[in-house]
Structures are given as structure tokens and as C-alpha cells.
Amino acid sequence: MSKVVHPDDLREFGKNVFQAFGVPEKDALMISDSLVAAELWGHSSHGMLRLPWYVDRLRHGAMEPTDVSSIESDTGAIVLMDGNHSIGQVLTMKAVELGMSRAKFHGISAVAVRNSNHFGTAAYFTRRSAEKGFVTFLATNASPAMAPWGGKEKLIGTNPWSISAPAGKRGVAVMDIANTAVARGKIYLAAERGEAIPDGWAADEHGVPTTVASDAIHGLILPMAGHKGYVISFMMDVLAGVLTGSKFGKDVNGPYQADKRSGCGHLLITIDIEAMMSGEEFNTRINQLIDQVKDVPTAHGISEIFYPGEIEDRNTEKNLVSGISVADHTWESLTKLSEETSVALPKPTNAN
């Protein structure tokens with residue numbers, strides 16, 4: 001039986017665990033919050049499941065606990081930051097704050113980050129600037145997960161990207177997708193839960209399609225939309241890896257590789273809406289678009305049409321009340337971390 005935990009308790013636990021490994025309190029809270037946010041949205045694949053991965057990287061020295069980044073070049077609207085293997089969430093939030101300030105001055109900004117680490121969900125960061133009146137694009141590269149179209153050896157990462165925009169009375173409209181049929185974390189989550197994965201998600205190490213999650217972990221994740229997913233992922237690697245001066249292709253290492261530097265890169269582009277029109281006008285226009293989407297007649301068996309980010313917002317409202325359900329295997333990992341760090345494990349609300 002999975003454990004149900006209050007979000008605040010889970011966030012505090014994560015913060016305290018990160019602090020136990022030398023992460024400053026402010027950063028530790030933000031990183032933990034990013035994991036809890038994923039849980040609230042209904043994306044457990046990017047939630048507390050990953051806490052032990054990050055801890056192992058800190059423990060092995062593959063990731064620095066404090067921010068040791070440096071600015072390599074700065075032209076005003078364009079900034080290049082070398083993360084020097086600091087924590088991905090910390091670097092990306094730093095890029096978001098810098099991106100907004102520069103976009104406010106120049107109308108648009110680009111912040112490139114190299115030698116970073118996995119940053120969790122891209123939407124956590126693009127949502128932040130969208131809430132403050134910016135349209136934001138964020139891309140990252142990742143360790144090899146899929147084969148180039150027509151190949152049978154993995155070389156290209158899932159290389160996710162996100163676009164967020166303010167949406168007035170509706171909050172934020174946000175897209176966050178990997179370029180594979182599914183994010184790699186969902187396969188790890190299925191393996192932890194002992195669940196089969198759907199057809200079309202992955203192939204085993206021989207390139208044979210599989211529904212066995214453990215075989216998929218050692219095999220290939222299939223691209224979304226066939227060859228289109230492959231070429232989009234390739235170009236995201238150009239933006240986040242090649243252009244930023246970071247690692248790319250087969251040289252990027254994932255967050256589950258505890259003793260290897262990641263070397264991944266990110267590219268953040270931030271646009272100040274006020275440079276084009278008033279924020280009020282933009283909010284009116286985007287809500288007109290959302291209204292048009294919501295008013296489309298539904299297909300057979302479909303009760304409602306959603307705009308990007310709406311499902312996550314609804315899940316958050318529900319999970320803030322009901323609590324976050326933590327899978328048994330993930331709970332076991334958190335229990336082990338609690339024992340290792342002497343950080344009190346949060347008490348489940350469904351405990352007997």
C-alpha cells in the first residue's frame with residue numbers, strides 16, 4: 001500500500017535531506033519544492049523518486065552542493081553561464097531570474113547554461129517567469145535514450161523542452177514534453193511499481209518492442225511521432241548542448257549515473273510581453289484562444305477539452321487536499337535516506 005503524505009511534510013523532508021549533504025537551505029528548499037511540485041501535478045516520475053538519485057550524485061562528488069557557477073560571457077541580452085557541475089535546479093532558477101531582468105531591459109534575452117545537471121521538470125522554471133509576465137522557452141539535453149531514426153543504438157537524449165505563457169484569469173498556459181513517446185522517468189516509475197508499460201513506449205536492448213519496464217530501462221525509448229520526434233530531439237541537443245558549449249549526444253550522463261559528471265546544457269529564451277503589447281491585451285487574447293479550444297465539440301467518449309497546463313493545475317488543487325501518494329519502492333528509498341541522515345521521515349496521513 002502506497003503512503004499518502006502531506007505536501008508540506010514531504011517538502012520539508014526533502015529540504016532537510018539536501019541540507020544534510022551540504023546544500024544551502026534556500027537552495028535545498030527550492031529543489032525539494034520542484035520535486036513536490038511534480039508530485040502535485042501528477043508527474044511522480046519527476047518527483048520524490050529522484051531524490052535518492054540527486055543525493056547519490058552529491059555523495060559521489062559528481063554534483064556540487066553549492067553554486068560554483070561563473071559567467072563566461074555577457075553581451076547584455078545574451079549570457080553564457082558555466083555551471084561548473086552545480087545542481088541543475090539551482091542553475092536554472094538563476095538563469096530564470098537573470099533572463100527576466102535582461103528581457104525587461106532588452107525585450108528578449110537568452111541565457112545559456114553549460115556543465116549543468118538534471119533540473120527536474122522544465123515547466124517548474126518556465127511557469128515561474130510566465131507568472132511574472134514573460135513568455136518563456138527552455139530546452140535541455142539529456143543522456144542517450146533513443147536511437148537516431150533507423151538505428152538500434154541509443155545516442156540521442158529525450159531532450160525535453162517547455163514553453164509557458166501568462167493566461168490571465170486562468171493562470172499559466174504551459175507545455176513541457178520530452179521528444180520520446182514518454183519521459184524516461186515514467187519507465188523508471190513503472191519499474192518501481194512493477195507495472196507493465198504501454199505498447200509503443202520502448203524497445204529492449206535488441207531493438208524489439210517491449211512492455212516490460214525493466215527491459216526498457218536497458219533498451220531504447222521510442223521517439224514520439226516517429227522520425228519527427230528524433231529530429232526535434234536532435235535540434236534541442238543543438239540548442240542546449242552544441243550551442244552552449246556543453247556536452248552533447250553520447251557524452252551526456254544522466255542523473256541516475258551517480259559517479260559521472262552530467263555535462264548537460266540548457267538554453268532559456270525569455271520574452272517580455274510588454275515589449276510587444278500590454279499584458280492586459282495579451283491576457284485577453286490568450287483567453288480568447290483558450291475559450292475557442294474549450295468550446296470545440298468533444299469527440300465520442302471525451303467529457304472535456306483541456307488547454308496546456310490545465311490538468312496539472314487541477315491535480316494540484318486536488319492533491320493539496322488529499323495529499324501525495326508515494327509508491328512503496330520510493331518510500332523505501334526515502335526511509336533509507338532518513339536512516340542515513342537522521343532526518344525524520346514524514347508521517348503518512350494514511351498510517352494505521
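# Salt bridges, strands and spaces in a predicted model

Arginine 314 and glutamate 310 stand four residues apart in helix H10 (residues 310-322), so about one helical turn separates them. Arginine 314 is partly exposed, because its relative accessible area is 38%, whereas glutamate 310 is buried, with a relative accessible area of 8%. Salt bridges with shared partners tie Lys294, Glu304, Glu310 and Arg314 into one network. Within the bridge between arginine 314 and glutamate 310, the closest N and O atoms are 2.9 Å apart.

The model is predicted: local features need pLDDT of at least 70, side-chain atom pairs count only at pLDDT 80 or more, and totals for chains, interfaces and linings use all residues. Residues are numbered from 1 along each chain as its sequence is written, and side-chain values use heavy atoms, with hydrogens and water left out.

Some terms need their cut-offs. Helices (H or I, at least four residues) and strands (E, at least two) are DSSP runs numbered from the N terminus. Buried means under 20% relative accessible area, exposed over 50%, and partly exposed in between, with a 1.4 Å probe and protein chains only. A salt bridge has a side-chain nitrogen of Lys or Arg within 4 Å of a carboxyl oxygen of Asp or Glu.

## Other salt bridges

The count of salt bridges comes to 18. One of them joins the side chains of aspartate 56 and arginine 59, at 2.6 Å from N to O. Both residues belong to helix H3 (residues 51-60), where they lie three residues apart, about one turn of the helix. Aspartate 56 counts as partly exposed at 28% relative accessibility, and arginine 59 is also partly exposed, with a relative accessible area of 39%.

Another salt bridge brings together the side chains of arginine 102 and aspartate 74, with 2.7 Å from N to O. This pair links distant parts of the chain: arginine 102 is in helix H4 and aspartate 74 in strand S2 (residues 70-74), 28 residues apart. Aspartate 74 is partly exposed, at 42% relative accessibility.

## Strand S8 and its partners

Strand S8 (residues 161-166) is largely enclosed by the rest of the structure, because five of its six residues are buried. Two strands pair if DSSP finds at least two bridges between them. Strand S5 (residues 134-140) pairs with S8 in the antiparallel sense over four bridges, and threonine 136 stands opposite serine 164 in S8.

S8 and strand S9 (residues 172-177) also run antiparallel, joined by six bridges. Tryptophan 161 has isoleucine 177 in S9 as its bridge partner. Five residues lie between the strands in the hairpin of S8 and S9, where glycine 168 takes a positive phi near 55 degrees.

## Serine 86

Serine 86 sits in the loop between strand S3 (78-82) and helix H4 (88-106). It counts as buried, at 0% relative accessibility. Leaving aside neighbours within four places in sequence, serine 86 is in contact (heavy atoms within 4.5 Å) with residues including Met63, Asp67, Leu91 and Asn117. Histidine 60 is 26 residues from serine 86 along the chain, and 13 Å separates their C-alpha atoms.

## Cavity and pocket

On a 1 Å grid over the protein atoms alone, a cavity is a set of points where a 1.4 Å probe fits but cannot get out; a pocket is an open set with protein on both sides within 12 Å along at least five of seven lines; lining residues have an atom within 4 Å of a point. Points are joined across faces, edges and corners, and a volume is the space filled by probe spheres set on them. In the table, Ala, Val, Leu, Ile, Met, Phe, Trp, Tyr, Cys and Pro are nonpolar, Asp, Glu, Lys and Arg charged, and the others, Gly among them, polar.

| Space | Volume | Lining residues |
|---|---|---|
| Largest cavity | about 60 Å³ | four nonpolar, three polar, two charged |

The structure holds one cavity of 30 Å³ or more. Among the residues lining the largest cavity are Glu39, Leu49, Arg193 and Val326. Helix H6 (184-193) and strand S14 (324-326) each supply at least two residues of that lining.

The largest pocket is lined by 41 residues, of which His46, Pro160, Asp176, Ala178 and Ala183 lie nearest its centre. Helix H5 (123-130), S9 and H6 are the elements that give two or more residues to the lining of the largest pocket.
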